[in-house]
Amino acid sequence: MFEKLKLRGQLIKAFRTAEIYRVVKRGDRTSYLFPKIHQIDNHHMYTRYAFSLLNGIDPELLNKKRWALRQVLGSNIEINGSLKNFSITVHHKSLPKMLHYKYDSIHPHIEKMELPVCIGQDIYGNSVSWDFADLETLLISGEIGAGKSSLMRVILTTWVKHSLPDELRLVLVDLKRADLGLFHGIEHVDALCFEAKDMRKPFALLRAEMYQRGDLLLEHGVTHISRLPFKLPRIVVVIDEMSIVKKETDLVEMIQQFAS
């Protein structure tokens, strides 16, 4: 009981620090009405607070003042909810600073996916992944040194180990000549381009393949190759770095066609 009261006081302190309350004035007296706390679940891995905002409190304050909430509750917080009803989960452990890639350990989580993208683990150590076959276009962005190229190599390595060459074909573009050379000679790779001029031939072949597949879709009355009565390999184009390619107008137009 004492522990719950202590946690409740901590949350009220966080609301006060972040100025998430409603001010009521009665004569010379000023009162502060804080969100209504419904439940506090305290576990060894996390503490979760369920609460509702009072009418007149902007829900956006929870995100705008996240930094103030973190100062009181801890740096690893997760906010969920909308309009009035919210929860704040305070995780008692941090994300690991480094993960070692082990395909065997992530395979059980991705074995039913067609083109799995595994980006790491959540705070509880669970694999975080989704099926790229459901997206078809992916942009990896971030500051210099953030790990974009490392993530790209993880994605490609997973695809190569997960799919057979007759299920996946890759066209790789590495204009920095720094990150994709290790995939040279891999059976899945149809082209590995290190200069813009090297891209034109494989891209022309890709455009021809795109038109041919479009004809097949029309012939069979379907909207996606996955619905054809026979199986065609997925073709994925990977470009590192797109900002360099933007100087080549004709190539950009081809890429836009592939992504549309």
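Student: In which sense do strand E9 and E11 pair, and over how many bridges?

Tutor: Two strands pair if DSSP finds at least two bridges between them. Strands here are DSSP runs (E, at least two residues), numbered from the N terminus. Strand E9 (residues 168-174) and E11 pair in the parallel sense over 7 bridges. One example is valine 171, with valine 237 of E11 as its bridge partner. Keep in mind that this is a predicted model: local features need pLDDT of at least 70, side-chain atom pairs count only at pLDDT 80 or more, and totals for chains, interfaces and linings use all residues. Residues are numbered from 1 along each chain as its sequence is written, and side-chain values use heavy atoms, with hydrogens and water left out.

Student: What is the strand order of the open sheet?

Tutor: The order is E10-E9-E11, with parallel pairing. E10 (189-193) and E11 (234-240) each have a single partner strand, so they stand at the edges.

Student: Which helix packs on the sheet?

Tutor: Helix H6 (residues 196-220) does, touching E9, E10 and E11. Helices are DSSP runs too (H or I, at least four residues). Touching means contact, with heavy atoms within 4.5 Å.

Student: How many disulfides are there?

Tutor: A disulfide is a covalent bond between the sulfur atoms of two cysteines. The rule asks for a pair of cysteine sulfur atoms within 2.5 Å. By that rule the count is 0.

Student: Is cysteine 193 buried or exposed?

Tutor: Buried means under 20% relative accessible area, exposed over 50%, partly exposed in between (1.4 Å probe, protein chains only). Cysteine 193 has 1%, so it is buried. Cysteine 118 is also buried, at 7%.

Notes. Axes are lines fitted to C-alpha atoms, for helices over the stretch in contact, and angles run from 0 to 180 degrees between N-to-C directions.
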